[in-house]
Amino acid sequence: MSEKYIFPENFWWGSATSGPQSEGRFNKKHKSVFDHWFDIEPEVFWGKVGPNIASNFYNSYKEDLAMLKDIGLNSFRTSIQWTRLIKDFETAELDEDGVRFYNDLIDECIKNGMTPVIVLHHFDLPIELYDKYGGWESKHVVDLFVKFAERAFQLFSDRVKHWITFNEPIVVIEGQYLYQFHYPKLVDGKKAVQVMFNLNLASSKAIKVFREMGCDKEGAKIGIVLNLTPSYPRSENDEDVKAAKFADDFFNNSFLDPAIKGSFPKNLIKVFQEDGVMFEFTKEEMEIIENNTIDILGVNYYQPRRIKVKESKYDESKGWMPDKYFDNYEMPGRRMNPYRGWEIYPESIYDIAINIKDNYNNIPWYISENGMGVEGEEKYINADGIVEDNYRIEFFQEHLKYLYKGIEEGSNCFGYHTWTPIDCWSWMNAYKNRYGYIALDLETQKKTIKKSGQWIKEVSKNNGF
Ligand code: BGP
């Protein structure tokens, strides 16, 4: 690898947050599943801190966006909350204050020279739609989402040229239907598989409407953000390799394939059919998925997945679970981020880049999240009051070097966004681990640029380091 890393022209140096994690619930007329969960069970959230105030972005977006400009960012991703923009979910009647807020936010972003990237769903299903219809289990909810998407395109696509249907749809399945970290913490593999199909369908239907409205003709692009966790087998032994392939199909390719190739991985469908958990679909729905693939892909990368053949006894009491086909493997000597409990393995970014190039038509893509959550950053505050987060700078540099190598070998990557610009609310972990370029004092809401914020400014200016 070379010693200077200069990235392609017009490269995106940016950062991402989401509506529910930054705005606070101010003036929001509806509750998302997370709002509701916090209202009924605040004790499950770290320090009993919920999304009510979050990072106060609803009130401070002007100052916040000016700070992002200050640290050199040229692009910024957030999400529109369905529960803020829409007053009546059935008719998609608009909430006037929601319209005003997102209009101003987008204008302000552009005024500050940052390309806005707008997501339509970041884990924030309206609770009413879960209670009434079972949320993503229901095809009616899929259609209501499409109505919401259509409204957003009508309102903002004159200025927003990069749209994302879903952020990390597999996490909805893992959190809500398999591993109990999203409300209402079900363990139901069959429903999980139906939701896998329905979320793919919702994304494709929204893309279809986007193109029917002619947004693409006005130069706008649409895609999806997937958290790719490449599965590495414990050994080259056939059984380990097969287990890793299944994990890849279930956790990554179940969205990557439909989004880019318009079809589901064959082996996965075979397993679903043989195990009696196949999703319900019509021929027409499958054609919608086939014909409405994405223009751009966002990849959130935090950690790899290490897999071995199933050795533990499968717990039948849980019904069908993907875990029937693999065990997670704790590789000896792996490097960990102890605060988040995630392995640090920057090499994966290169593997992802090459996989997209070789197996996914070298579609234009970008890193839409990469970051390191650290607890207790106060202890790194220096005499000037600045968090000296050298570990974060090193983390970014290491990942960028592998991204660079992938680009050098022809992968079509156009940007690098970190998670997150300003410390924000992290679901059940609330404000335990901080990820930002900018520190947030939760008591006073004061925001201070960290050393990594000064660092990215230089990187962005030089288009590399
Ligand atoms: C991603 C999500 C983000 C964000 C990030 C950090 O999975 O898209 O919403 O929260 O991970 O993870 P966490 O907040 O769980 O530490």
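**Entry 1**

I began with an open sheet of three strands, ordered β8-β10-β11 and mixed in its pairing. I noted that β8 (231-233) and β11 (327-328) stand at the edges with a single partner strand each, so one side of each has no neighbour in the sheet. A reminder to myself: this is a predicted model.

**Entry 2: how β8 meets β10**

In which sense do β8 and β10 pair? I found the parallel sense, over three bridges, with β10 covering residues 305-308. I also looked up Ser231, and its bridge partner in β10 is Arg305. For background, I jotted down that strands of a sheet pair through backbone hydrogen bonds.

Helix α10 (residues 238-261) lies across β8 and β10, and runs at about 175° to β8.

**Entry 3: helix α5**

I then turned to α5, residues 96-111. This helix has 16 residues and reaches 22 Å from first C-alpha to last, close to the 22 Å expected at 1.5 Å a residue.

At its start, I saw a side-chain oxygen of Asp95 within 3.0 Å of the backbone nitrogen of Asp97. Just after the helix, Gly113 has a positive phi of about 75°.

**Entry 4: what α5 hides**

Which residues of α5 are buried? My list includes Val99, Phe101, Tyr102, Leu105 and Ile106, along with Asp97, Asn103 and Glu108.

I wanted to know what covers them. Among the elements doing so are the helices α3 (57-70), α4 (82-85) and α7 (139-156), and the strands β2 (75-79), β4 (93-94) and β5 (115-119).

Note on methods: Residues numbered from 1 in each chain as written. Predicted model: local features only at pLDDT ≥ 70, side-chain atom pairs only at ≥ 80, totals over all residues. Heavy atoms only, no water. Pairing = 2+ DSSP bridges. Helix = DSSP H or I, 4+ residues; strand = E, 2+ residues; numbered from the N terminus. Contact = heavy atoms within 4.5 Å. Axes fitted to C-alpha atoms, helices over the stretch in contact; angles between N-to-C directions. Expected span 1.5 Å × (residues − 1). Buried < 20%, exposed > 50% of the residue type's maximum accessible area, 1.4 Å probe, protein only. Polar contact = N/O pair within 3.5 Å; in protein donor to acceptor, adjacent residues only side chain to side chain.
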